[in-house]
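Hi there,

Here is the structure we talked about handing over. Could you open it next to this note and follow along?

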Amino acid sequence: MAILTRRNLLKASAVAGAYGAGMVLAPRLSALAAGDPALLDARIAEAMLDGKGKTRNVMTYATGPIGADPMPPVLRTRRGEKFATRFVNHLDEPTTVHWHGLRIDNAMDGVPFVTQPYVYPGDSFDYAFTPPDAGTFWYHPHCNTLTQIGRGLAGMLIVEDPKDPVFDAEIALNLRDWRLGGDSQFIEQFKARDAAKSGTFGTVRTANWQPSPTYDMPSGGLVRVRILVADVTRLYNLKLAGAEALIVAIDGQPVPVTMPLDVAVVSPGQRLDLVVRMPDSEGVVVALEDIRPSTPKTVASFRSVGASLRRSLGDVPPLAANPAAEPDLANATPIPLVLSATAEEAAKDSICGSLGYSFWAINKVPYPGDTPDPMAPLAEMKLGRTYLLNVENVTPHAHPIHIHGVNFKVVSSSTRKVMPLVSDTYLILPDEKVQLAVVADNPGDWVFHCHIIEHQKTGMTGYVRIV
């Protein structure tokens, strides 16, 4: 990911990170280790999403009874502290939980037929891991992904660092679209002609499952805003109207140098951590806007309340870097990866949600869908060695590429200047070639795919093997 400015929108691409569910966050899930399992359920619910009527058959996660706010909870843990939950599936179809961006044991990664079996209706699966990194991450299914994420299964996971600075307020924003008709009910999740292009966009846009919500924040205060794009398709061009902000982390990883927010491009799967300096005068409203493609859309607003705290962005220290092995670029092994369209036959049917089409491919091979069929890895990596992913996008569409289980470091781009960011999701622009360095320090089979879910589900998926 790279940072964009209005003056040079295509020269850099910004990643994004997000924090908590407003001011009230879910308790840490650590009881499983003590023998008293904390539960995380997948359920069917109703929710007011468009401001007009309740939408039926919404899919959500819950850690207890669903109240007036059915949005999946923000889960919290600490770096180096064991996180555990017993996941129970109350849907009428199989599902799993993938912990996006976390470098955890392969058996906990939540990909059916790669790391674990399905969690069938009525069954459970115990997830337990110790996150090595602090930052903003998220959790979602990796089964029937377009429908399940599209209908709501996407929540935020915050891994705290006890050494993080304390801000005057904090807010988490879960940004996403919904495919709803005029009666507030779900319509067809995708159109084949759009899946073969940039993807099918939603009809209702929300932050925290609300259209353009407003949050009260302390006047003159420093507010940490953690942003997740949990959408299945939409890329956001985010800017702030009425206040200044610093970008402090991208995809859960602290940036090498904090930088002012101008315009940040945030694609599906990415997160953006901001520190916003609120206006001094009470009642002033700050708008977080999406200016893509042309007419600004207010995503969420922040309203100044109370006497000014008179804080300064100059008071914001850099976040501590997460521990990571430095890539050995001088001895790196290159791996060519070409993102392209395909003319292969339709994907095989699957109880875990094949869309029935093969539009996209990696190295000319479309992934067959969520099936148990064997398929060779894109590459086999030796534990501890450095690899240079030479990823070439030969399509006219952007692809946010996500890798499971490990991070990469951005090395170069053929079209823009890049920062040496550590990340798990990178937006590759049309006709762009990028180099992403990976230290193979986590053994297992790790999925590599486009996070525009229609692209993922119609072939732009594979996996690498670390042995």
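**Ground rules**

This is a predicted model, in which local features need a pLDDT of at least 70 and side-chain atom pairs count only at pLDDT 80 or more, while totals for chains, interfaces and linings use all residues. Residues are numbered from 1 along each chain as its sequence is written, and side-chain values use heavy atoms, with hydrogens and water left out.

**Confidence**

The pLDDT is the predictor's confidence in each residue, from 0 to 100. Its average over the chain is 90, and 90% of the residues score at least 70. Please be careful with residues 1-35, where pLDDT stays under 50. The model has 156 contacts beyond four places in sequence for that stretch, a contact being heavy atoms within 4.5 Å. Where pLDDT is low, the predicted coordinates should not be read in detail.

Strands here (E, at least two residues) are DSSP runs, numbered from the N terminus. I call a residue buried under 20% relative accessible area, exposed over 50% and partly exposed in between, with a 1.4 Å probe and protein chains only. Strand 7 covers residues 135-140, and because six of its six residues are buried, strand 7 is largely enclosed by the rest of the structure. In a regular strand the side chains alternate between the two faces of the sheet. In strand 7, Gly-135, Phe-137 and Tyr-139 point one way and Thr-136, Trp-138 and His-140 the other way, all of them buried.

Two strands pair if DSSP finds at least two bridges between them. Strand 5 (residues 98-100) runs antiparallel to strand 7 and is joined to it by three bridges, with Trp-99 opposite Tyr-139. Strand 8 (residues 155-160) also pairs with strand 7 in the antiparallel sense, over five bridges, and there Trp-138 stands opposite Met-156.

An open sheet of six strands has the order 21-20-23-28-25-26, with mixed pairing. Its edge strands are strand 21 (360-362) and strand 26 (422-423), each pairing on one side only. Strand 26 runs antiparallel to strand 25 (residues 408-413), with two bridges joining them; Phe-408 has Ser-423 as its bridge partner.

Strand 27 has both faces covered: Thr-425 and Leu-427 on one side and Tyr-426 and Ile-428 on the other are all buried. Strand 27 pairs with strand 24 (residues 399-403) in the antiparallel sense over four bridges, and Tyr-426 is the bridge partner of Ile-401.

Most residues other than glycine have a negative phi. Asn-208, although not a glycine, has a positive phi of about 55°. Asn-208 sits in the loop between strand 10 (204-207) and strand 11 (214-218), and counts as buried at 6% relative accessibility. Asp-431 also has a positive phi, near 60°. This residue is in the loop between strand 27 (425-428) and strand 28 (433-439), and Asp-431 is exposed, with a relative accessible area of 55%.

- Asn-89 lies in strand 4 (residues 83-89) and is buried, with a relative accessible area of 0%. Not counting residues up to four places away in sequence, Asn-89 touches Ala-42, Pro-94, Thr-95, Val-119, Tyr-120, Pro-121, Gly-122 and Asp-123.
- Ser-301 is in strand 19 (residues 297-305) and is buried at 8% relative accessible area. Leaving aside neighbours within four places in sequence, its contacts include Pro-213, Tyr-215 and Val-286.
- Ser-294 is in the loop between strand 18 (285-290) and strand 19, and counts as exposed at 58% relative accessibility.

Happy browsing, and write back with any questions!
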